[in-house]
Amino acid sequence: MVGVKMAAAAAASIRERQTVALKRMLNFNVPHVKNSTGEPVWKVLIYDRFGQDIISPLLSVKELRDMGITLHLLLHSDRDPIPDVPAVYFVMPSEENIDRMCQDLRNQLYESYYLNFISAISRSKLEDIANAALAASAVAQVAKVFDQYLNFITLEDDMFVLCNQNKELVSYRAINRPDITDTEMETVMDTIVDSLFCFFVTLGAVPIIRCSRGTAAEMVAVKLDKKLRENLRDARNSLFTGDTLGAGQFSFQRPLLVLVDRNIDLATPLHHTWTYQALVHDVLDFHLNRVNLEESSGVENSPAGARPKRKNKKSYDLTPVDKFWQKHKGSPFPEVAESVQQELESYRAQEDEVKRLKSIMGLEGEDEGAISMLSDNTAKLTSAVSSLPELLEKKRLIDLHTNVATAVLEHIKARKLDVYFEYEEKIMSKTTLDKSLLDIISDPDAGTPEDKMRLFLIYYISAQQAPSEADLEQYKKALTDAGCNLNPLQYIKQWKAFAKMASAPASYGNTTTKSMGLLSRVMNTGSQFVMEGVKNLVLKQQNLPVTRILDNLMEMKSNPETDDYRYFDPKMLRGNDSSVPRNKNPFQEAIVFVVGGGNYIEYQNLVDYIKKSYEFTFKFTIHIRISALRTYQILQ
């Protein structure tokens, strides 16, 4: 979700809500009091991979310890009995997990059991646990059983993804493969709907749903509308009444849920990007807000037959606490490189000041001037020493972003990603090209085979008219010679013909990037980044298709692109098949969900659009999972 907030409307973000729900769960499902002076109850946390992925971006090991978690262990790992400690379980209600939990009850591993399920557990599985507890004479030890409805992963205040484990099961490829059966499609849709339902339970709001017709997004909308409607109808067990709503129950404005099908725009996920966060996601190993880097080691002569030395791996967490990341994650990469350099110079200046003050404090002798300087600088040194922890944290973040940005820069230079980005921007905005597409594809030094194929697919998708067979054969030969797999091109040809995109390709606006020449500030010899040969491309704002759809539906604009979108209101007594919205007022809160996977380019485009267009509270959520390279891979 993306949130832009005014002081008068400080609604909690989805990140805050999910964190509060997790802390309440870890506190035995009792609301957690921040300033509690008492010692926490020490306990063990048992989770599966799904639970681990949900917790890790939100709670650090220190925060878990503050909550009384002494050990956090995977459910299916080998665990020793700890008979005098309570255990909090946080797992999916799968057959495999239920069997292992029943085994734990039989083995009497813990003093008491607090069972928390990420999604709702079925009655039959609940009975299996009850039978196992009876057989093990452990009924009294099962203290609480809760459905937590937390089956989604929050990565930002304003963004969530469905899952990290088994994500290929809900990917674009899974939904669009030609041999998918009706049963498999139902399973995919149910998985997506379950996560969206959990999201709205956590948000504490029932949305108005809009979606395009005849797409997977419509299937999700119909199922989600039914699930919300059934829950609201069950007054006794409704999750959207009373305390479950939290602050959401006082909101008179209901949120808009825009369900977008990935097929409306396949060019953007393939597009090479130029902003910091999107580049990190595209070119580095970046999952769940953690980036893994391989440290480059010098070439060493090793004896013949000796095992090659393993490269050291370092992991960095890019979290909301990181102020530099929060400020610059949406900035063009050259600006980030310049900002890192400025932060480094600022740190060095502060460090030099501390050293200078220390030197003055160490002055000896009877010199009156020295004594005067000493008294003047005592307060300054005291201030400098007190700010030392802040200075050390600043140094840590500078080192972190120097390493991450350097790794990104290596990819940019090695693959000429600035050239690809600029060229693709020109293709998508119908600007005159200054270089032949064939020349870039044929250039052995310009990018990987995947880069070349992504570029050509964008050209093919964006073209008003498909290239002639003769031209296409020429392109195919060049791509094959470059080592490209042609399967993605075959898919896009079929997709374009099916979607009738040849006559009406997605519009990406008429603006493009502007090259400002090379950076002057980071070109000096003391810079950490040698940006020579990398263009300083300045981004110009243009609304991508997802952003345009959101704008039309938020503002209730009449537009051929969205006029036929279906309208669902789960709170209405009877569902109706309508594209005419009953609510005529503009929405102030929205959630965008891309069925088939979103990307950080669209995320950043929506963030920029919100900053530019809105002054009131606005929230946006996008399902981010497929980066440009990953999109290329799933088309194979």
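The following paragraphs describe helix 4, its residue Asp104 and the largest pocket of a predicted model. Residues are numbered from 1 along each chain as its sequence is written, and side-chain values use heavy atoms, with hydrogens and water left out. Because the model is predicted, local features need pLDDT of at least 70 and side-chain atom pairs count only at pLDDT 80 or more, whereas totals for chains, interfaces and linings use all residues.

Helix 4 comprises residues 95-106 and includes Asp104; helices are DSSP runs of H or I with at least four residues, and strands are E runs of at least two, numbered from the N terminus. The end C-alpha atoms of helix 4 are 17 Å apart, in agreement with the 16 Å that its 12 residues should span at 1.5 Å a residue, the expected span being 1.5 Å times one less than the number of residues. Among the buried residues of helix 4 are Ile98, Met101, Cys102 and Leu105, where buried means under 20% relative accessible area with a 1.4 Å probe and protein chains only. Their cover includes strand 4 (87-91), strand 5 (113-117), helix 5 (123-135) and strand 6 (142-147).

Asp104 counts as buried because its relative accessibility is 1%. Beyond its neighbours within four places in sequence, Asp104 is in contact (heavy atoms within 4.5 Å) with Leu75, Arg79, Tyr89, Leu109 and Tyr113. After helix 4 comes Gln108, with a positive phi near 50 degrees.

Note on methods: On a 1 Å grid over the protein atoms alone, a cavity is a set of points where a 1.4 Å probe fits but cannot get out, and a pocket is an open set with protein on both sides within 12 Å along at least five of seven lines; lining residues have an atom within 4 Å of a point. Grid points are joined across faces, edges and corners, and a volume is the space filled by probe spheres set on the points. Buried means under 20% relative accessible area, exposed over 50%, partly exposed in between (1.4 Å probe, protein chains only).
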